[in-house]
Amino acid sequence: MRTAAFRDSEADSGAFQASASIVQAGFFSWEIATGEVSCDPLTLALHDMPENGPSDISSFLAAVHESDLADVRDALGQIAQSCGNYQIEYRVTSADGMHRSLEARGRVLPGADGLPARMVGVVMDTTAVHERHEAEKRRLYERATRDRRMRELTAALAAAVTVKDIMAAAQAGLRTFGADALAVIAPEGDRLTVVASCADDEQGEGPPRVPDATARTLVEESLDTGAPVLIGSTDALITDFPHLAPLAPPAPQAWAALPLTDSRGRVSSCLVSFPEPQEFQPEERAILVAAMGLLAQSLERAGLYESEHALATELQRGMLPRGPLTAPGVTIAARYQAATSGMWIGGDWYDAISLPDGGVALVIGDVQGHSVHAASLMGRLRTAVHAYANEGHPPAAVLERTNRLLAELNTDPDRALFATCCYIALDPTDGTLRACRAGHPAPALIAPDAPPRLLEVPGGLPLGIDREQRYPTTRLRIAPGSVLALTTDGLLEAVNKDIDQGTERFLQGLAGAATADLETVVDELLAHTQKAHGVGDDVALLLARLNGPDATGTAVERRPRAR
C-alpha cells in the first residue's frame, strides 16, 4: 500500500492522471465529518459491495485486505487532517477469496472553516497493471537468478579439471535451466554410449546408463542434422516422432538434444531432460546452447588432463623403489600417496640405500612443481642420489653433487625446477647418524619412552638454486628402538596449508611409533589427514626403526604401497 505526499500548490488543482493507460475507474465523495460516501455503481462493484448496500467509510474499509487495512486507516487519518492531493494503493478481498488491486486518487477539499471537509476522487482497478508489474519483477528476478547461476556454472566448469568435478558442476547447474538430468552420449560404432551423466539431487532417479528409445531417437536426430533438437512437451514428442507413441509415457516432459563437436572433430550429443513442459524461448535456447558448449570444452580438457595425470602417476610410481625397502638392523615402512584433488602429481620420492660401509641411507625428496616434467626430473635426481651414495660419499657430498647436477640441468629459465631433500646416513651397529637437509622439512625422532620431536638439523638452500651451495652435517646417536620419520610438505601442509599445525598433527600421529607396527602407523597418518582435510599435494612418507640387539637385522615384512 502506498500513500502519496500532500501538495497544496495551485498547480496541483488540475486533473489527475491514472498510473495505467486503460483501467476501470469509479468516482466517489467522502464526507469526513459524517463518514458518508457517495459513489457510482462501479466504485461499489470494485469493492465487492451491492448497489443498494450501505455507503459509509466503514463498509469500504471492511472490504480492504487485512494486510493493508492498518496502512489504509493511517493514510485516511493523515488525509483528514490536511487539504491537498492524495494517492493510495490497496487490495480488496471478494466473497470468493480473490484479491483485487485498487488505486484511489483525488483531493481533500476544505469546508467553510478552511478545515478538511470532503474528499473527492476516483478509484481505479489496477489489478491487471499490478499483475503485469509483478510478472515483470518475477521475470527480472528469474533472469538475474539464472544469470548468477550461469556465471557460477561457467566459473565451476573453468575450475574443474576432472570429469567427476565437471559433472558435479553440471549437476549444480541443472537448476539454471529447470532441468533434472543431463547425459553426454557419443556414438561408438553402431551403438550410442553414455559418456558422462548427472541428475538433480532433488529428483528421484538419475539419468539412464543406457540410452532408452526416446534418448536414442533425439540424440540420433541431433547428430544427423547437426542442429539442436528441442522438444517442449510429450505431445510435441509424439507429433515429431510418431513411432514413440506406443511406448510408455516417459517421465520427463521436455527434452533438448544438443550436438557437440570437440577440437578433433569427434561428435557427441548432450541430452537434457526437464520435469515440466518448456517453451524454449530464443534467449533460453541461446544460453542452453552456450552452456553445453562450455561443458563440451571442459570434458575435452578433462580428458587431456586425466591422460596426463595417468601418465604422470605411472611415471611417478615406476620411479619409486620396487619391492620392499630392506636394510640390516633397520625396519622400514614407506608410502607414496598421490594428491586427492586436481592434477597435482609431482616429484615426491623416498629411498633406502645400502651403503658400502654397512650403513643405510634414508632419503626423502620433493621436486618443485606438479607435472610430467617434475615427475621425470624426480627420477633423475633419485638415480643421482643413489649413485653418489653407492660411491661412498658422505651425506653433505651427496647433496652437493646432486645440487650441481640439478643446477646444470636448469639451463632453460622457463623450465627450471628446484628440489628439496633430506639425507640421513645411519649406522645400525651403534645408532650413530649423519643428517643433511637441502630446504626440506626436518626429520622427526621417536625415541623409546619419549614424545616425538623434530631433530635440529641445520640445512641449506634447495637443490638447483646455488651451484656452490654447501650443506652442514648434523651428527648424533639414537637408541635402539628409536624411529626416524621423514615426510614431504604435502603431508605437513594438509591442515589448511598451515605447516605449523600440520607439523603438530604429524608429531601427534607418531606417538607410540617406537613400539607400534610401522606399516599401521604410516597408513593411519595418511588416512587421518586425508579424512580430515583432504590431500591437495602428493605425499611421500618414510619411517625407519633402529632394531635392538636381539632383532633379526632386516625389516619390512610387507611391500610398501604407492597410493
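Is Asp68 buried or exposed? Asp68 is buried, its relative accessible area being 7%; buried denotes under 20% relative accessible area, exposed over 50%, and partly exposed in between (1.4 Å probe, protein chains only).

## Basis of the report

The structure is a predicted model, in which local features need pLDDT of at least 70 and side-chain atom pairs count only at pLDDT 80 or more, while totals for chains, interfaces and linings use all residues. Residues are numbered from 1 along each chain as its sequence is written, and side-chain values use heavy atoms, with hydrogens and water left out.

## Salt bridges between helix and strands

Side chains of opposite charge can pair when their charged atoms come close. A salt bridge is defined here as a side-chain nitrogen of Lys or Arg within 4 Å of a carboxyl oxygen of Asp or Glu. The whole structure holds 14 salt bridges.

One of these joins the side chains of Asp68 and Arg91, with 3.0 Å from N to O. Asp68 belongs to helix 3 (residues 66-79) and Arg91 to strand 3 (residues 84-93), so the pair links distant parts of the chain, 23 residues apart. Helices (H or I, at least four residues) and strands (E, at least two) are DSSP runs, numbered from the N terminus. Arg91 is partly exposed, at 28% relative accessibility.

A salt bridge also connects Asp125 with Arg100, whose closest N and O atoms are 3.7 Å apart. Because Asp125 lies in strand 5 (residues 116-125) and Arg100 in strand 4 (residues 99-110), this pair ties together parts that are 25 residues apart in sequence. Asp125 counts as buried at 16% relative accessibility, whereas Arg100 is partly exposed at 25%.

## A loop contact and a network

Arg477 and Asp430 form a salt bridge through their side chains (3.9 Å, N to O). Arg477 is in strand 19 (residues 474-477), and Asp430 is in the loop between strand 14 (419-426) and strand 15 (432-438), 47 residues apart. Arg477 is exposed at 59% relative accessibility; Asp430 is partly exposed at 32%.

Elsewhere, a network of salt bridges links Arg335, Glu519 and Asp523.

Five strands form an open sheet in the order 11-21-20-16-17, with antiparallel pairing. Strand 11 (330-337) and strand 17 (453-454) stand at its edges with a single partner strand each, so one side of each lacks a neighbour in the sheet.

Two strands pair if DSSP finds at least two bridges between them. Strand 11 and strand 21 (residues 539-546) run antiparallel and are joined by 8 bridges. Ala334 stands opposite Leu542 in strand 21.
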